[in-house]
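Here is a structure to read side by side with its sequence. Please keep both in view.

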Amino acid sequence: MFNRFKNKVLTAVALDHPALPSGPGHQAYGGGSSGTGRGNNSSSSKDYDASGKRLPKKFQYARPPFLQLLTYDELKASADHNVRPIIVPRDISLLPWNTGYAECVNSGKSKWNEDQAAFHRQVLSHPSKQYHDLPYTYFGIYDGHAGYGAALAAANQFHYILHEKLVDVIDLLMPRVESENGFAMPLHHHATLPHPSLFHKQVSKDELIVGALESAFADMDAVLAEDRDKYRNAGGCTALVALFILGKLFVANAGDSRGVLCKRVKRRKVVSATTQREECNGVAEADGAKVEDEFEVVAEPCSFDHTPDTERPRLLTVGKHNPALLGGEYIAMEYAKKPTTKDLGARILYRQGAMKGWTYKTLTATDLKIPLITGVGKRSRLLGTIGVTRGFGDHDLKALGSNLPIKPFLSPHPDVVCFDLCQVRNEPGADDNSDGEYGILVMATDGLWDVSESQQVASTVFGTLKRFPAERHRYTMVAQELVARSRGRANESGHWRLSDSRAAATVDDISVIVIPVYQYYREYRDWTQTVAARNQMRSAASEVVVPVPEATQQLSGAGSPATELSSSSESSEPPEEGQEAENNLNTINLQPAAGGKTVPLGLADALPAK
């Protein structure tokens, strides 16, 4: 109890100081003291097996491979808590599309930087070769807590799990290849794949990809659960993933890391009243000061934080329906006013479960138990212990001061947001504003967002890009600028303060990824053109050149080959219900443009004709 009180006092007095470690009997992991000298370790009980042998680490600590920090001395220098150096990639060509990345260690909260980042470029290839190869790119950023193990495991394993999930739906995602007789091979030729007409629900490709992400998150959490008896305790981590596939951007988030799509769009023309009167009188405005096309910076959210405060209805519902999880020490209710013993017998406003409104109840002694959720905003805590409610790991996490498990309240389920890049339309007169129209995706851990608003980050992004319009490292410079602003500077007392104010800077680890979305869309557009060209080559190779007189006789006889092909194709067409479901899977055929040239605008335009 004294340690908890001391932590609260120090946090209130010096907000930029990291919290003190819990003493024996108050471990976040492992419950009470083990009596073996390991009680001060936050993950004591799971660092050793039943026989007392220390469990091995599944992955050796390292920074993201694209940073190329290969020696222990380099790792140690990157974790200097006094200097807090900003680390950027030595070779930006290792990242796709000149993507920017920067990171900074905490000010002493933990020995190592517990954030992790990863990216992978993959290709979905069907074994039967009936489909074109489908490329995709994945980025992930993971914020670890109570150790770096979970974040490190996710950075090394999640992309394998995601790839398996996409392979499971490969037949429904990929564009079809034309067969030798010149028309597309129908999906129901596969014995293992039911035809869409057999589905009782309409299923779109977007839903298939969202489902792959959701199930990959669940499986990653299950892997950590299985590994806890084989490897040293991994702690937990949040997860923020961006998937570029089929001309779309999918952002999946579980935790309090955040993704923001920063855009620079043209405002509507602003015309002053004076200008309108002068135009009505036939007077032309020469200097253009009153008639101006301006750009505005917009921060479009791609994720939403999962904290005890934002997920209060879900957590209260879990506690209401599972009172055993509260251990008789907590109560799953929220009060409009903190109840005291003086209020016993009085009426008090409260709500519980999924209630959005408030109602009255008579206060009893049971209502004086500790609330399941305390605090508000970023300082809200679940069972007085953890400030994030979704992510991976935390399977052995216990409430401070008790042996109550917290994992039943936590969830790995992500919120997924989709952006269709094919729907972006270029504004006329906007010269070289591709980054503004398609957006710059900023993915960062809460070390950035604790001291920076989304709109402020978006302004910094385009302000930096404007200063370096032709620099190849410009996106890395943006990431570096964002980290530098949130890290601030250390004053004479060693406290980190923001450079533009006296406010406390973040003391947490900071990791930032800056992705130019248009660079992916341009790559995707080239791919669709390649697919369309291959389809046209297959169609040309399958055509049979027949002399004109013979073709005329066939037209007047039993029918031309084209007619026979058409009738054959019609006979193999699925019923109307199946066709509707198949269209819902976006298997739209390619239509040649006027003049014989094909200019695909998206995946649908690149698909072969039946």
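This is a predicted model: local features need pLDDT of at least 70, side-chain atom pairs count only at pLDDT 80 or more; totals for chains, interfaces and linings use all residues.

Residues are numbered from 1 along each chain as its sequence is written, and side-chain values use heavy atoms, with hydrogens and water left out.

Reader: How many helices and strands are there in the protein?

Author: Helices (H or I, at least four residues) and strands (E, at least two) are DSSP runs, numbered from the N terminus. The count for the protein is 16 helices and 22 strands.

Reader: What percentage of the residues in the protein is buried?

Author: Buried means under 20% relative accessible area, exposed means over 50%, and partly exposed lies in between (1.4 Å probe, protein chains only). The protein has 610 residues, and the buried share is 47%.

Reader: Among contacts between residues at least 6 apart in sequence, what share joins residues at least 24 apart?

Author: Contact means heavy atoms within 4.5 Å. Of the contacts between residues at least 6 apart, the share that joins residues at least 24 apart is 70%.

Reader: How are the axes of α10 and α11 set to each other: parallel, antiparallel, perpendicular or oblique?

Author: Two packed helices are described by the angle between their axes and the distance between the axes. Axes are lines fitted to C-alpha atoms, for helices over the stretch in contact, with angles from 0 to 180 degrees between N-to-C directions. Helix α10 (residues 454-467) and helix α11 (residues 474-487) have axes that come within 9 Å and cross at roughly 135°. Under 35 degrees counts as roughly parallel, over 145 as roughly antiparallel, 65 to 115 as roughly perpendicular and the rest as oblique, so α10 and α11 are oblique.

Reader: Which residues of α10 and α11 make the contact, and what are their classes?

Author: From α10 come V457, T460, V461, T464, L465 and R467, and from α11 come R474, Y475, M477, V478, E481, L482 and R485. Ala, Val, Leu, Ile, Met, Phe, Trp, Tyr, Cys and Pro count as nonpolar, Asp, Glu, Lys and Arg as charged, and the others, Gly among them, as polar. By class, the contact has seven nonpolar, two polar and four charged residues.

Reader: How many salt bridges are there?

Author: Side chains of opposite charge can pair when their charged atoms come close. The rule for a salt bridge is a side-chain nitrogen of Lys or Arg within 4 Å of a carboxyl oxygen of Asp or Glu. By this rule the count is 24.

Reader: Which residue does D227 meet in a salt bridge, and where is it?

Author: D227 sits in helix α5 (residues 205-227) and is buried at 10% relative accessible area. Its partner is 169 residues away, in the loop between α1 (2-13) and α2 (72-78). The N to O distance is 2.5 Å, and the partner is K58.

Reader: Which strands does the salt bridge of K263 and E300 tie together?

Author: The closest N and O atoms of K263 and E300 are 3.3 Å apart. K263 is buried at 18%, whereas E300 is partly exposed at 27%. The pair is 37 residues apart in sequence, and it ties together β6 (residues 258-266) and β9 (residues 295-301).

Reader: Which side chain meets D343 in a salt bridge?

Author: D343 is buried, with a relative accessible area of 19%. The N to O distance is 2.9 Å, and the partner is K337.

Reader: Is H159 buried or exposed, and what is it in contact with?

Author: H159 is found in helix α3 (residues 149-168). Its relative accessibility is 5%, so H159 counts as buried. Leaving aside neighbours within four places in sequence, its contacts are H120, Q122 and Y138.

Reader: Which residues does P313 touch?

Author: P313 lies in helix α7 (residues 312-321) and is partly exposed at 39% relative accessibility. Not counting residues up to four places away in sequence, P313 touches G353 and A354.

Reader: What is the phi of R84?

Author: R84 is in the loop between α2 and β1 (100-104). R84 is buried, with a relative accessible area of 0%. Its phi is positive in a residue other than glycine, near 50°.
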